Amino acid sequence: MRKLNMVVNTLDKKAHINREIYGHFSEHLGACIYDGIYVGENSKIPNTNGVRNDVIAAFKELKMPVLRWPGGCFADDYHWLDGVGKKSERPKRINAYWGGVTEPNSFGTHEFFNLCEKIGCEPYLAGNLGSGTPKELSDWIEYITFDGDSNMTELRKKNGREKPWKLKYIGIGNENWGGGGAMRPEYYTDEYRKFQAYARNLGGSHLFKVACGPSADDYRWTEKLMENLNDTMVDALSLHYYTVPTGDWEHKGSSTKFSDAEYYGTISRTLQIEDMIRKHGAIIRKYTDKVKLIVDEWGCWYDVEEGTNPGFLYQQNTMRDAIVAACNLNIFNNNADIVCMANLAQAVNVLQALLLTKGEKMIKTPTYHVMNMFKTHQDSENVYSFIENEKVGEGGEEIPALSYSASVSQNGHLNITIANCSLTDEYEISCRVIGATASAATGEILTGNVHDKNDFDAPTNVIPKVFGTEIKDNVISLTIPKCSVISLVVGFSGFKY
């Protein structure tokens, strides 16, 4: 067992960790919305206004801060008027992006905003720039937020909602460099300028406007946007980056059948997002210190499960995904000066999902449990942390063994999260705390074989367990097993936030 030293300085505060960094994403894709979140009012599955009660409870347990909808690629083909009014009269469309299946529009604006109210999270709308119009976007915002005398207000009331909803986050277009119109950054920037001008603040709202930012390491896209926008027009750029184990989009690899070398390759590729965040952030900072990054699509993307619709992107979720989730969240925490929100793709049944459903059954994935363990960081202050790390790997892939971050909450607790990415080595860590006297610590651990997963026959195969530590002379001693994620909450005596 290797012994490593760690230090956390509670007095050296780096940046505020917005709770929205622990956000999520729901697209009209596969069984994310239909049969995942929404089953309809007449379903035998217990529901509230058509939304599964078990899903609502799971989202609330996470303290889900923000939920992005309706896409994704689907957003730039979505016309919001299709999804309001009597469900029997809503038009049926083709979901051209995801499997060519029928989109019934049963889940629309009212259903989404009512769900967000039920959960207690902020709605994050992805507006249609690709095939929509500025007027369509303007009308949608008015329908949602305005309480005065207007046709859109009357229509909302006719459709059953008397008072307006609250709306803060509005994305203007999605992946417009690709499926959202195959645009050049110069052209998209002009379109964005036009659309955002009609995204008006109504009903006391102040919209936080998000421009379609880069794919992965497309730094030219970021440069061109920042050259032609200013911080009165845009509050953040989105960044999309998916972890593809093989690096080959045609043959991405299996979610459950993979070698140790493929595992290390997966973690190596997921860690690349930190370099992208810092480089895109540096470009933004050349122009302004007000504009932020929102990583509103991130996670693992594998080949779909055998026997499932290839357009539905259904995949299983193992301890590998738990490690990926922990690494990404630690990176977002440690770069909270530029990252103000992140949205895991996706919430239910799609890609690196939180939840999987099958009829009346629902399971929480290892990724869900990591999100739940890390929620103590929400609205805390990221503080300096350092571990004497070492490299591990196989097959030419080498990565740091440990991923970590630390924060101090308003209640005075210190939050420490660590992922041991090694498949072979455990570590004995001595963590010295500076700036406060540690009095007690509680912890959780998620661990197992890297291929372990939860399924409908064994839904609790991978779950957090109590993790013990010792504190002496302000040093926290802990042993972190191979392939594991831990979360510690450390109490202080006499500490002032």
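A residue counts as buried when its relative accessible area is under 20%, as exposed when this is over 50%, and as partly exposed in between, with a 1.4 Å probe and protein chains only as cover. The legends below describe a predicted model, in which local features need pLDDT of at least 70 and side-chain atom pairs count only at pLDDT 80 or more, while totals for chains, interfaces and linings use all residues. Residues are numbered from 1 along each chain as its sequence is written, and side-chain values use heavy atoms, with hydrogens and water left out.

View 1. Asn317 sits in the loop between strand E12 (292-300) and helix H8 (319-334), where helices (H or I, at least four residues) and strands (E, at least two) are DSSP runs numbered from the N terminus. Asn317 counts as buried because its relative accessibility is 1%. The side chain of Asn317 reaches the backbone oxygen of Ala353 at 3.2 Å, and with the side chain of Thr367 it makes a polar contact of 3.1 Å. A polar contact is a pair of N or O atoms within 3.5 Å; within protein, one must be able to donate a hydrogen and the other to accept it, and residues adjacent in sequence count only if both atoms are side-chain atoms. Not counting residues up to four places away in sequence, Asn317 touches Gln352, Ala353, Thr365, Pro366, Thr367, Asp452, Lys453 and Asn454, contact here meaning heavy atoms within 4.5 Å.

**View 2. Tyr124 in strand E8.** Tyr124 belongs to strand E8 (residues 122-127), and at 1% relative accessibility this residue counts as buried. The side chains of Tyr124 and Asp296 are joined by a polar contact of 2.7 Å. Leu167 lies 43 residues from Tyr124 in sequence, while the C-alpha atoms of the two residues are 7.5 Å apart in space.

**View 3. Asp139 in helix H3.** Helix H3 (residues 134-145) contains Asp139, which counts as buried because its relative accessibility is 17%. Between the side chains of Asp139 and Lys135 there is a polar contact of 2.6 Å. An α-helix has 3.6 residues a turn, so residues three or four places apart point the same way. Once neighbours within four places in sequence are left aside, Asp139 is in contact with Trp80 and Met152.

**View 4. Helix H2 and what packs against it.** Helix H2 (residues 109-119) is mostly covered, since eight of its eleven residues are buried. These buried residues are Thr109, His110, Glu111, Phe112, Phe113, Leu115, Cys116 and Ile119. They pack against strand E4 (51-52), helix H1 (53-61), strand E5 (66-69), E8, H3 and helix H4 (151-158). After H2 comes Gly120, whose phi is positive, near 90°.

**View 5. Helix H6 and its cover.** In helix H6 (residues 219-228), the buried residues are Trp221, Thr222, Glu223, Leu225 and Met226. Their cover includes helix H5 (185-197), strand E10 (208-211), strand E11 (236-243) and helix H7 (260-287).

**View 6. Backbone geometry in four loops.** Most residues other than glycine have a negative phi, and most peptide bonds are trans. The peptide bond from Trp69 to Pro70 is cis, with omega near 5°, and Pro70 lies in the loop between E5 and strand E6 (93-95). Another cis peptide bond joins Ala345 and Gln346, with omega about -5°, and Gln346 is placed in the loop between strand E13 (339-345) and strand E14 (355-358). Lys63, in the loop between H1 and E5, has a positive phi near 55° although it is a residue other than glycine, and this residue is exposed, with a relative accessible area of 52%. Ala182, found in the loop between strand E9 (169-172) and H5, has a positive phi of about 50° and counts as exposed at 61% relative accessibility.

**View 7. The whole chain, for orientation.** The chain has nine helices and 26 strands, and its C-alpha trace spans about 65 × 50 × 45 Å along the principal axes. Of its 497 residues, 58% count as buried. Among contacts in the chain with a separation of 6 or more, 76% come from residues 24 or more positions apart.
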